[in-house]
Amino acid sequence: MDREERVLAYLNEHNIPFSIYHHPEGKTIEEAQRWWRDDGSAHCKNIFMRNHKGNQHYLISFRCEHDLDIHDLEARLKRRLQEQGRPSCGKLSFASAERMERFLGLEPGSVSPFGLINDVENHVLFFIDETLLTAETLSFHPNDCRGTVVIKRDDFERYLQAVGNTYEYMPLY
């Protein structure tokens, strides 16, 4: 079963409705935008980060039309984690392709919250920009950059509950 088939099987197994369409490869937002449908969904950008020690990993999703200042993101995550009594993230950096494969079962260009189905130990902490709370539908790669899954936000949250990773909406910019 390939990566996309695994995502679709997981969603179907958990009775989570979605739609999907396929298009040519889009490993970057700029490439993918050429193929996205004007379907009203909030198209999301996803990044996979690690802390300075390399013992904690973070998946971050936000609206594709925004960029994140990594230093600002570090400060926001530090505050949030400390408020929760968790260890600080320290200095953040992008996780390597090897770490991406190890923790999410993904390769660069296909980062998606659907990679959390491969994180059976629920190691990865997932942070979602709070502006996505106003989106009725969201769209993400199905762990393959040649497709787009469109899912209602409420159904996406059902997916997150099923997968079991810690997730939180917070202001990211």
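Strand 3 and strand 5, residues 125-129, pair in the parallel sense over four bridges. Strands here are DSSP E runs of at least two residues, helices are H or I runs of at least four, and both are numbered from the N terminus. Two strands count as paired if DSSP finds at least two bridges between them. Within this pair, L59 stands opposite F126 in strand 5.

A word on the source. This is a predicted model, where local features need pLDDT of at least 70, side-chain atom pairs count only at pLDDT 80 or more, and totals for chains, interfaces and linings use all residues. Residues are numbered from 1 along each chain as its sequence is written, and side-chain values use heavy atoms, with hydrogens and water left out.

Strand 3 also runs antiparallel to strand 2, residues 42-50, joined by seven bridges. C44 has R63 of strand 3 as its bridge partner. The two strands form a hairpin with six residues between them, and G54 in the turn has a positive phi of about 80 degrees.

Is strand 3 buried or exposed? Seven of its seven residues, 57-63, are buried, so the rest of the structure largely encloses it. Buried means under 20% relative accessible area, exposed over 50%, partly exposed in between, with a 1.4 Å probe and protein chains only.

Next, helix 3. L73, E74, R76, L77, R80 and L81 are buried there. Their cover includes strand 2, strand 3, strand 5 and strand 8, residues 167-170, with contact meaning heavy atoms within 4.5 Å. Just after helix 3, G85 takes a positive phi of about 75 degrees.
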